[in-house]
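Welcome, and thanks for taking a look. Here is a short briefing, grouped by topic.

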Amino acid sequence: MASSKLPILALAHPLILLPASRFTMPVSQELGEAILSLIEDYPITSPSSDPPAISEWGTAARVLRLVKPPARNPRQPYLRTPSKECVDKFKQAALRLLDRLSRDSVQQSRKDGYQKIAGMIEDLTDERASWMADVLVGSINGEYNDKFAILSTPDAEARLTLSTSIFIKQASISEVTKKIATAVDESLSKQQKEFFLRQQLAAIQRELHSLQRTSSPGGTAALPPSSGDGNSSTGPSELDDDEQHEADDLADLKRKIEAMEVGSEERKMGVREWRRLKRIPQGSVENGVIRSYLEWLTSIPWPNSTPSTPPSNSATPKSFLATARAQLDADHFGLEKIKKRLIEYLAVVRLKEINALREASATSSEPEGGKQDPQDGKELVLYKPGFTGKQKQGKSSRKGVKGPILLFVGPPGTGKTSLGQSIAKALNRPFQRISLGGVRDEAEIRGHRRTYVASGPGLIVQALRKAGRSDVVLLLDEIDKIGQSNFHGDPAAALLEVLDPEQNHTFNDHYINVPIDLSQVLFICTSNTLETISAPLLDRCEVIHLSGYTYDEKMHIARRFLLPKQLQANGLNESHVAITEPALLHIATRYTREAGVRSLERAIGGVVRYKAVEWAEYVDGDNVPVEEAKDGIMVPTKKDYRNIVEEHELETILGVARWDGEEREREERRGIVYGLVVMGQGEGGILPVETIAVPGTGQIKLTGSLGDVIKESGELALTWVKTHAYDLCITNTRAQDPLKVPDLIDIHLHLPAGAQKKDGPSAGVAMTCAFVSLLTGACVPTHIAMTGEITLRGRVTPVGGIKEKVLGAHRAQITKVILPWANRKDVEHDVALEIRNEMEFVFVKTVREALEAAFGKGSLAWRREALIMESRL
């Protein structure tokens, strides 16, 4: 190939001059004079002030009308004839591009020019194909990299192939641009012009996803890699905004609306909102509001459209109740009376389901008890009282389970919530829990109205949606801690409709605004106290008390449930940790003093974690060696792991026993008596009643954060003691005041601890015994505790919370309890048999019987028999 030396003219970016094409470029006067002179060895020039970097490829050009072009060498590589197949592909791609440019062009002259070029391409020979490719690539508004790639390709067939790919890409870009513009223009309206950019972005994303699905492996147009997990071979993600996904969601909504019962309120509302949704443009705010409402409306399990799971025909009531009883025994230990009431409740639920199934089968076999007359087509109906003839054939009346609303009341940690879960398992129904603690807005129960921004349904409807069935077991937890009435409304009053079996079949949520049938929902409420629950709400519930566990029950619960649970939570098994019976009893009696088992579980967890550290150090070999004497020489040996936890190790593991000090301080002293109380969380316990005599004026002083009722009990007890001071040999005459004779004294009565509020009519007997002990000098043994209220006549009246008080006394190792005679039925029905066998119960009718039971018969020197006179008018 002949070589020639030519001057170089550097073109600024992005200008490229291709062979066989023309180029017009303004130059400076100096550069123009230099080009005209065409001096040999002319230096590199540039049309701009900053010369760009020179590429290894360039174009031999000529200046028109100034220089005669040099003869072209026919052996140059870009003039070689390409293959027939390559030329055909080039013609198809070029014709497609020219056709698209002709359609998109607005000026008629441009359309005529594109059509003339298309005619030239059809008549183009194979030798001139590469020349035509250069002309077209230089004419279209292509990218700089594409033009530079053409310039860098000397082979004719390769240039033609590259030109074909560029034409295909340009035609695709033009088609997509036109399609996007058309789609956006069709969806625009006067109310949606502000959403133009959003619509255009969505259309671009859809087209990119379509290209990604339809592109072949050998395609020339490469899409950028996705920014997901980097795996491009897995296809589009389900999170992509695909047009097909949107269509599927709308079709699913339509299918759910059509599945609703014809003529029902929910179907009418769904059809009306669906028609509004189709009329409103997709990008508007109202469209999203209606879409959200329809999603909530169709997700609720309506009883008429979503039937509950029918009971199995093979399951008899005997096997059902046996399974339920086994489920309750497996989940809870003790609580026999509670389980008995739950079994009764489950039996009623089961029998109602069986009766409903029997009625449904009978109705389907006999169409309303009538038969058809084949002659005139009239129906002969048997007379039934109350039959109106408006019932539809084949549709059974679904009777909901309108059983009592159960309310579990008890201290924390006694298993109220888990009892609800056991009922759901026994019935094979879904379980949902709603925590009402701190709920202070009525809209949390009834839902917000749709006129508010970000409105939504209430907690009841949300629970139904999560359950997916209309016969869910719904637990209303902490109902006693619900907010009081305020400017947001009264949430407790909103629950009145929910928990009323006669009203909840048409429960109205403000957001759904369609009557919802809650008659098949099993409501179970939990509470720690009944004091803060309103009377109308309490009247709708059947109260079941869970007082607490005895030490024997706590030991069984710890063995069967708590210890295995903690072992599994800390990565151990039964072979790694074994707690002895004395150690476990020591934990229950010295480190915990509660009605439930939560503190016991935490204490057991502390022991298990301590052994877990020892086991981990033993397995890893990181334990500290211990030096032992062997043949007179100290040899380091590894300490062996010991899985048994004994009682003497608990102080090292858990620290000093929390309740050990109180047990030691309980001693016999003059003027001190132990009474029985119920604490704030429903836990029973003992409370010392301390009295002391000080010089004064014959008054009584009451301290210890006492309420008005318990203060009156103290004054009443002192009045009774003053009245019977002569009978108790405290004074010599009946006219003498024991606080003024022989010396003037004041009695100070204190109930520790002073920071805790105390009130209630159950301390009269204990205060009377304390006053008698102070004035007579007799002491009441520390293993005796008492409760009961007194009257001026000396009668002992009944009090409440007997089970809690007895359990608290048992936890405090009290062996003798003095109770009112009228409370003996509470002990027989509520207190467990093992507790009654371990404790002595003395039931008294009068104060004198209480004093004899407390101090012992014959300990008090009565001057004569006290007579109780009653006046009956």
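Helices (H or I, at least four residues) and strands (E, at least two) are DSSP runs, numbered from the N terminus. This is a predicted model, in which local features need pLDDT of at least 70 and side-chain atom pairs count only at pLDDT 80 or more, while totals for chains, interfaces and linings use all residues. Residues are numbered from 1 along each chain as its sequence is written, and side-chain values use heavy atoms, with hydrogens and water left out.

**Overall picture**

- The chain holds 28 helices and 22 strands.
- Of its 873 residues, 40% count as buried; buried means under 20% relative accessible area, exposed over 50%, and partly exposed in between (1.4 Å probe, protein chains only).
- Among contacts with a separation of 6 or more, 74% are between residues 24 or more positions apart; a contact means heavy atoms within 4.5 Å.

**Nonpolar cores**

- A nonpolar core is a set of buried Ala, Val, Leu, Ile, Met, Phe, Trp, Tyr and Cys residues joined through side-chain atoms within 4.5 Å.
- The largest core has 51 residues, of which Leu342, Phe408, Ile579 and Ile604 touch the most other members. Helix α18 (residues 551-569) gives the most to this core, with seven residues.
- Leaving out residues up to four places away in sequence, Ile579 touches Arg559, Leu563, Leu584, Ile604, Val607 and Val645.
- A second, separate core of 48 residues includes Leu294, Ile460, Ile516 and Leu537.

**Salt bridges**

- Side chains of opposite charge can pair when their charged atoms come close. Here a salt bridge is a side-chain nitrogen of Lys or Arg within 4 Å of a carboxyl oxygen of Asp or Glu, and the count by this rule comes to 30.
- Asp252 pairs with Lys256, with the closest N and O atoms 3.5 Å apart. These two residues are separated by about one helical turn because they sit four residues apart in helix α8 (residues 243-259). Asp252 is partly exposed at 25% relative accessibility, and Lys256 is partly exposed at 35%.
- Arg450 pairs with Glu273, again with a closest N and O distance of 3.5 Å. This pair links distant parts of the chain, 177 residues apart: Arg450 is in the loop between α14 and α15, and Glu273 is in helix α9 (residues 265-279). Arg450 is partly exposed, with a relative accessible area of 25%, whereas Glu273 is buried at 4%.
- Lys565 in helix α18 and Glu601 in helix α20 (residues 598-620) are 36 residues apart and link distant parts of the chain. Their closest N and O atoms are 3.2 Å apart, and Glu601 is buried at 16% relative accessibility.
- Salt bridges with shared partners join Glu273, Arg276, Glu286 and Arg450 into one network.

**A buried loop residue**

- Thr414 lies in the loop between β3 (405-409) and α13 (416-427), yet it is buried, with a relative accessible area of 1%.
- Apart from residues up to four places away in sequence, Thr414 touches Leu335, Leu546, Gly548, Tyr549, Ala595 and Gly596.
- The C-alpha atoms of Thr414 and Ser547 are separated by 7.7 Å, although the two residues are 133 apart along the chain.

**Positive phi angles**

- Most residues other than glycine have a negative phi, and most peptide bonds are trans.
- Ala454 has a positive phi of about 60° although it is not a glycine. Ala454 is in the loop between α14 (443-446) and α15 (459-467), and counts as exposed at 77% relative accessibility.
- Gln813, also not a glycine, has a positive phi of about 65°. Gln813 is found in the loop between α25 (802-811) and β21 (816-820), where it counts as partly exposed at 40% relative accessibility.

**A helix residue with its contacts**

- Lys91 lies in helix α2 (residues 84-104) and is buried, with a relative accessible area of 14%.
- Setting aside neighbours within four places in sequence, Lys91 is in contact with Ile121, Glu122 and Leu124.
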